[in-house]
Amino acid sequence: MIRFEGITKRYDQQTVVSDISFEIEKGELVVIIGPSGCGKTTLLKIVNRLIRPTGGRVYINGADTAAQDEIELRRNMGYVIQQTGLFPHMTVRENIEIIPRLKRVNRADIEARSAELMRMVGLDPEQFLDRYPSQLSGGQQQRVGVARAFACDPEVILMDEPFSALDPLTRVQLQDELADLQARVRKTIVFVTHDMDEAVKIADRICLIHEGGIVQYDTVEDVMKHPANEFVADFIGRNRIWSSPAFIRARDIMIQNPVCASADTTVMRCIERMRTRKVDSLLITGENMHMLGIVSAKEVQTCADRSVPVSRVMRRQFEKVSPDENIVEVLQIVNRGGLSAVPVLDEAGDVVGLITRSSLLMTLSRPYLDEMEAATS
Amino acid sequence: MNLLTFLAQNAGEIVTRLFQHLQLTLLSIVIAAAIGVPLGVLISYRRGMKKPVMGVANVVQAIPSIALLGFLIPLLGIGEKPAIFMVVVYSLLPIIKNTVTGLSGINAETLEAAKGIGMTRIQVLTKVKLPLALPVIMAGVRISAVTSVGLVTLTAFVGANGLGYLIYSGIRTLNEFQILAGAIPACLLALLMDLLFSLVEKLVTPACFKQS
């Protein structure tokens, strides 16, 4: 739908974006995100030619935008910026209808469309159409801005930090509404923000820009799971993952060096190892940490002959999880089996870690403890 | 004889002069606005032209008005022509200045939005820039209108009609009543102009700015 090919923008000696290439699919909401000054807004404005690239091309539906009439191009594209994007001297109606009127669309159609757009963004047309932007709250103004962008029913909508000046409550509300609206209308939306929470909430894909280049272009989940580098990890926030349980994987929360014993260790030694390491179960492993079985403290203590190898008493049937299973699935397994610990095994059945009830408790309480720490400090 | 009886006796002439004065003032202001506003718009688009245009307007403002009138006689003769020319030239500066100020005071994001949603340059000017700058532009016109009333009295020097005639003939004949017969209506006219243009200013202010 929208294809960036080798987009470069230089001002004098300063390169703002360099050689950016990526493609946005039809009906996709892509968030371009990055720290301030990374070139994300420049990239957006190149799409509707408010900024001319020094090099490279943008294709929409295969057509080179540079070859099109820029007024025509912009009129077929929605554009939303912060509240100041509304014209203060025009009523809500005039703001929404300006482009259709300039296009000389039939009057009756325009009026019907305005009412429809207002309802779409959750504003009562009767009540609001004839007010001035200054008579509306910030959230209402932004809704009008969104309505105006949809006025000509464009395929592509560009949004440049539309919600960043709103209070947090209204912002979240508008993000949710945008996500709902997008689920219904499936426009191709390019959304610029510096707010990762916002991106996670609304994006299909995230395009992370840093110092004028793309660092990562992936789905939200992949960006969180597999940050391309340290910068991405820092930018999305290392603790962010804890607030989205579906993205927390077993590998993230497991104890990485669980207490193990080899199969021929005697029961006696196993008891001793459990006591000194203060654990209530042991993973019994073969070569290369291959998981053979598990024993609990109770099982070794009730064993009459403590000189036999532990392989005689260990359980060979046990619940296990893979490193990619998420915390919700892990909890289900632990609760279902009434387990105190569940080993994390890779595909070959080798031990990569262990999840215990106490490590789960630690994990789940972490966001609260962090919050308390932040609040007290 | 007191002032009031003098005024009553000469009421006919005073009223005629007043209307001549009003006519000259309004004509000059309309011409000044017709030149000044487009010039201001032009400057706001061509940054490079700002300095020379403003420079010339400032220098003209600095020439003593009496001297300017004197220079104009060989070029335009006497009567209304040099009078209107002089008043227009003096009225330009506030109008140009306020036009430039009004246009440059518009939020850059608003203009970018106008461009971004697909308005042409002319549409951005006529639908967004001018309506938003109009209150400031009109404030400039108002200043010019008020000062023009005073300037028009000076044009009696080059034989233009108006209240100035009464004042100068009063000075020459040491007739205080006649001076006042010109000065008081001129003063009232200036106040009237101020009132009139403040109403126009209110009229052109977009509704959204009115409550504040």
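**Cavities, charges and contacts**

Colleague: Which elements of chain A each supply at least two residues of the lining of the largest cavity?

Modeller: Keep in mind that this is a predicted model. A cavity is a set of points on a 1 Å grid over the protein atoms alone where a 1.4 Å probe fits but cannot get out, and its lining residues have an atom within 4 Å of a point. Helices (DSSP H or I, at least four residues) and strands (E, at least two) are numbered from the N terminus. Each supplying at least two lining residues, the elements are helix 2 (70-75), strand 6 (77-80) and helix 6 (138-149) of chain A.

Colleague: And which element gives the most to that lining?

Modeller: The residues lining the largest cavity include Met77(A), Gly78(A) and Tyr79(A), and also Ile117(B). By type, the lining divides into eight nonpolar, one polar and three charged residues. With three residues, the top supplier to the largest cavity is strand 6 of chain A.

Colleague: How much space is in the largest cavity?

Modeller: Searching the whole structure turns up two cavities of 30 Å³ or more. A volume here is the space filled by probe spheres set on the grid points. For the largest cavity that comes to about 100 Å³.

Colleague: What about the second largest cavity: which element gives the largest share of its lining?

Modeller: This cavity has a volume of about 50 Å³. Ten residues line it, and the closest to its centre are Ile81(A), Gly85(A), Leu86(A), Gly145(A) and Arg148(A). Strand 6 and helix 6 of chain A each give two or more residues to it. The largest share, three residues, comes from helix 6 of chain A.

Colleague: On to charges! How many salt bridges are there over all chains?

Modeller: Side chains of opposite charge can pair when their charged atoms come close. The rule used asks for a side-chain nitrogen of Lys or Arg within 4 Å of a carboxyl oxygen of Asp or Glu. Over all chains, the count is 23 salt bridges.

Colleague: Is Asp195(A) buried or exposed?

Modeller: Asp195(A) makes a salt bridge with Arg171(A), with closest N and O atoms 3.9 Å apart. Asp195(A) sits in the loop between strand 8 (188-193) and helix 8 (196-202), and Arg171(A) in helix 7 (residues 168-185), so the pair ties together parts of chain A that are 24 residues apart in sequence. The cut-offs are under 20% relative accessible area for buried, over 50% for exposed and partly exposed in between (1.4 Å probe, protein chains only). At 17%, Asp195(A) is buried.

Colleague: Which residue pairs with Arg142(B) in a salt bridge?

Modeller: The closest N and O atoms of the Arg142(B) and Glu201(B) pair are 3.1 Å apart. The two lie 59 residues apart, Arg142(B) in helix 7 (residues 121-154) and its partner in helix 9 (residues 176-204) of chain B.

Colleague: Last one: which side chains meet in a salt bridge between chain B and chain A?

Modeller: Chain B and chain A bury about 2000 Å² between them, 66% of it on carbon and sulfur atoms. The count between them is one salt bridge. At 2.5 Å, N to O, the side chains that meet are Glu112(B) and Lys45(A).

Terms used: Residues are numbered from 1 along each chain as its sequence is written. Chains are lettered from A and ligands numbered from 1 in the order in which they are written. This is a predicted model: local features need pLDDT of at least 70, side-chain atom pairs count only at pLDDT 80 or more; totals for chains, interfaces and linings use all residues. Side-chain values use heavy atoms; hydrogens and water are left out. On a 1 Å grid over the protein atoms alone, a cavity is a set of points where a 1.4 Å probe fits but cannot get out, and a pocket is an open set with protein on both sides within 12 Å along at least five of seven lines; lining residues have an atom within 4 Å of a point. Ala, Val, Leu, Ile, Met, Phe, Trp, Tyr, Cys and Pro count as nonpolar, Asp, Glu, Lys and Arg as charged, and the others, Gly among them, as polar. Buried area is the accessible area (1.4 Å probe) that two parts lose on being put together, summed over both.
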